[in-house]
Amino acid sequence: MIFAEYLPAALQAGIALAFVAAMLIVPPIVAKKGAPNPAKDSAYECGLPAAQSGRPRFSIKFYLVAILFVLFDIEVVFLYPWAVVYKEMLREGLSILFSMLTFLAILFLGFLYVWKKGALDWK
Amino acid sequence: MEIHLLKSEMAVALLMGWLLLVDLFMPRIPKRYLARTAVVFLLGITGWLVWTGAGVGERWMEGVLVGGGGMFVLDGLALWGKEFAFWAALFAMVAGMRFAGKDDDHLVERVFLQLAACLGMMLLASASHFALVFVALELVTVVFYVLVASRRHDGLSVEAGVKYLIYGAMSSGVMLYGMALVYGATGSLGFAETARVAAQPTPPMLLKMGLLLMLAGLGFKLAAAPFHWWAPDVYEGAPTPVTAFLATLSKGAGFVLLVRMLTVAFGGMKEFWLPVIGVMAGLSLLFGSLGGISQTSLKRLMGYSSVAHTGFMLLGVAAVSCAGLGGVLYYLTGYLLANALVFGVMCETSGENPYQEIREYAGLGARSRWLAGALLIGLLSLSGIPPLAGFVAKLLMFKAAWQGGMTVLLGIALLAAVVSLYYYLNVIRHMYAGEPVLTDGLRVPYGVKLLQGALAAGVVAVGFFPGPWWDGSLMIVRALAGR
């Protein structure tokens with residue numbers, strides 16, 4: 001039976017499902033029910049009254065910054081393993097150098113575009 | 001890596017980079033000129049591809065040219081897919097330029113994105129490895145997320161973009177999970193290794209699950225029922241040239257991948273996927289033809305029409321014969337030409353009729369004989385009236401289904417063809433016999449007339465002389481199946 005290898009995964013999934021189900025089903029049965037009041041319905045802020053909404057609005061600019069961050073972050077993610085194997089692969093030919101240079105060139109083009117279009121200005 | 005096999009892809013990528021850089025550093029050049037130059041260059045690349053067969057000449061017929069350790073193949077289907085991508089992109093770019101008007105700040109970016117989607121389909125047509133399949137497919141889909149929502153100030157467009165993004169991301173995830181299961185079953189993502197495992201007398205359960213999930217993901221790309229729910233909304237909300245691009249390129253990309261995947265990688269598991277494709281075909285035919293009846297917007301109608309056409313093409317896939325699969329390629333050719341005609345007319349009238357209400361097409365026959373004629377030929381071909389391309393394509397599908405012994409599906413398909421005839425003819429009735437809302441004449445520039453004339457001639461020629469198209473399609477599919 002090939003599925004025997006997946007037993008641990010199935011077990012974990014089962015436990016997770018059972019836990020969620022228990023958390024949903026048990027509290028309403030066990031908990032003491034009382035009339036709702038404003039204090040009960042307010043967000044729990046360590047005993048302090050809530051200062052503002054739990055979901056404040058923030059500037060759309062962060063969104064752009066986050067996207068650009070992910071972009072250049074991924075670049076570094078690619079660069080690390082490349083740097084690790086670079087010396088060994090270089091013996092087999094220059095293709096490892098040129099493939100990374102192509103990648104960086106494409107990314108640099110994107111960087112130029114972002115810069116020139118003013119996406120890096122905080123205004 | 002055999003770089004020389006990638007010449008056409010690199011040409012498109014260079015064109016994209018050039019376009020972006022010139023627009024960035026020489027902002028004084030009018031964007032319209034840049035976009036036109038891109039069209040001319042793309043035409044050049046298309047011509048080169050058709051003339052030389054992507055630089056490999058006739059060699060693809062002798063055998064498969066493989067690059068990247070079996071990741072990338074250049075065979076008849078790959079070349080066919082690349083040409084399809086070029087033409088779909090060209091029509092969409094021209095339609096987009098007509099649609100955008102003179103003061104569009106993002107025209108170059110839009111053309112850039114259209115080229116990116118074209119590049120995605122070119123890679124997909126050659127992909128013979130699930131990793132490349134996924135990257136190429138995402139290149140197409142991510143571009144469409146942006147393009148669909150590109151009219152940022154139009155609520156309908158943004159809504160369509162969000163719907164497409166959520167549904168698309170979900171289905172990409174499902175597809176990726178399917179690929180992971182295939183990897184689990186075969187230990188490889190290559191089509192060749194997958195084929196080896198799939199050819200076993202009892203293929204592993206994991207492989208079946210993987211294929212099922214991938215078909216679900218592909219069903220979204222093809223707008224095949226029951227994964228078609230996004231189609232009418234997204235088709236309606238997207239800017240008209242984007243809808244045209246969505247209807248042609250993403251469908252072509254999906255079918256080229258489906259044909260290659262099912263024949264090359266999963267050819268040994270016919271008994272498993274046949275009923276799945278069959279059910280998808282039947283449901284698409286029913287949903288597409290019945291759903292379109294009550295539509296009042298031509299764009300929404302085209303959404304349902306595209307679902308129905310997916311059903312017809314899946315019929316050919318389900319026939320599992322060279323006639324069926326070759327018919328799919330022939331069908332796509334006719335479908336591309338007819339859609340380019342219909343959407344081209346829609347782009348011309350989109351200024352006065354932004355939501356493409358069918359009743360506002362009333363009197364078009366008197367206002368512009370040219371546009372009405374183009375729409376007439378496009379719609380008649382889509383509905384399958386002889387002797388246009390759509391008729392021969394449907395006939396090929398019916399014949400393949402009959403030979404495959406799928407009488408129930410054939411019955412559904414005949415029913416769907418008759419029902420969908422109603423809604424196509426309804427538009428034509430409005431156009432020529434309806435009470436006109438507007439009566440002033442429509443000016444159509446000569447360039448557009450020339451393009452539409454060529455497209456109409458193409459639809460008629462492909463239908464009247466199906467020989468060369470049919471033989472070419474058949475040859476491509478035979479080469480694929482013979483491997």
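**Entry 1: helix α19 of chain B**

I started with helix α19 of chain B, which runs over residues 446-464 and has 19 residues. From its first C-alpha to its last I read 26 Å, close to the 27 Å expected at 1.5 Å a residue. I note here that this is a predicted model.

Next I asked which residues of α19(B) are buried. The list is Val448(B), Leu451(B), Gln452(B), Leu455(B), Ala456(B), Gly458(B), Val459(B), Val462(B) and Gly463(B).

What covers the buried residues of α19(B)? The cover includes α4, α14 (322-349) and α16 (369-383) of chain B. It also includes α17 (389-403) and α20 (466-481) of chain B.

**Entry 2: helix α1 of chain B**

The buried residues of α1(B) are Ser8(B), Ala11(B), Val12(B), Leu15(B), Met16(B), Leu19(B), Leu20(B) and Asp23(B). Looking down the axis of α1(B), I see the buried residues fall within an arc of 165°, so they line one face of the helix. Met10(B), Leu14(B) and Phe25(B) are exposed on the other side of α1(B).

Within chain B it includes α2 (31-52), α4 (76-100) and α5 (107-126). Chain A also takes part: α4 (95-116) of chain A is among the elements that cover the buried residues of α1(B). I note that an α4 of chain B is listed in the cover of α19(B) as well.

**Entry 3: where the chains touch**

How many residues of chain B are in contact with chain A? I count 4 residues of chain B in contact with 5 residues of chain A. On the chain B side, the residues divide into 3 nonpolar, 1 polar and no charged.

**Entry 4: chain B as a whole**

I stepped back to chain B. Its secondary structure comes to 20 helices and 2 strands. The C-alpha trace spans about 70 × 55 × 40 Å along the principal axes. A compact globule with 483 residues would have a radius of gyration near 23 Å, and chain B has 21 Å, which agrees. Of the 483 residues of chain B, 58% count as buried.

I also looked at the range of the contacts. I took those in chain B between residues at least 6 apart in sequence. Of these, 80% join residues at least 24 apart.

**Entry 5: chain A as a whole**

For chain A I found 4 helices and 0 strands. Along the sequence the pattern reads α-α-α-α. A compact globule of 123 residues would have a radius of gyration near 14 Å, but chain A has 27 Å. The C-alpha atoms of chain A fill a box of roughly 75 × 60 × 20 Å along the principal axes.

What share of chain A counts as buried? The figure for its 123 residues is 0%.

Chain A is divided into domain 1 (2-41) and domain 2 (61-116). The centres of domain 1 and domain 2 of chain A, taken over C-alpha atoms, are separated by 44 Å.

I finished with the loops of chain B. The loop between α9 (205-222) and α10 (230-237) of chain B holds Pro226(B). A cis peptide bond joins Ala225(B) and Pro226(B), with omega about 0°. Ala223(B) is also in the loop between α9 and α10 of chain B. Its phi is positive, about 55°, although Ala223(B) is not a glycine.

Is Ala223(B) buried or exposed? Ala223(B) counts as buried, because it has 30 C-beta neighbours inside 10 Å and the cut-off for buried is 20 or more.

A cis peptide bond also joins Pro386(B) and Pro387(B), where omega is about 5°. I place Pro387(B) in the loop between α16 and α17 of chain B.

My last stop was Val320(B), in the loop between α13 (298-318) and α14 of chain B. Val320(B) is not a glycine, yet it has a positive phi of about 40°. With 19 C-beta neighbours inside 10 Å, Val320(B) counts as partly exposed.

Notes:
Residues are numbered from 1 along each chain as its sequence is written. Chains are lettered from A and ligands numbered from 1 in the order in which they are written. This is a predicted model: local features need pLDDT of at least 70, side-chain atom pairs count only at pLDDT 80 or more; totals for chains, interfaces and linings use all residues. The radius of gyration is taken over C-alpha atoms; the globule rule is 2.2 Å times the number of residues to the power 0.38. A residue is buried if 20 or more other C-beta atoms lie within 10 Å of its own, exposed if 12 or fewer, and partly exposed in between; C-beta atoms are placed from the backbone. Two residues are in contact if their C-beta atoms, placed from the backbone, lie within 7 Å. Ala, Val, Leu, Ile, Met, Phe, Trp, Tyr, Cys and Pro count as nonpolar, Asp, Glu, Lys and Arg as charged, and the others, Gly among them, as polar. Domain bounds come from an automatic or database domain assignment. The arc is that of the directions from the helix axis to the C-beta atoms. The expected span of a helix is 1.5 Å times one less than its number of residues.
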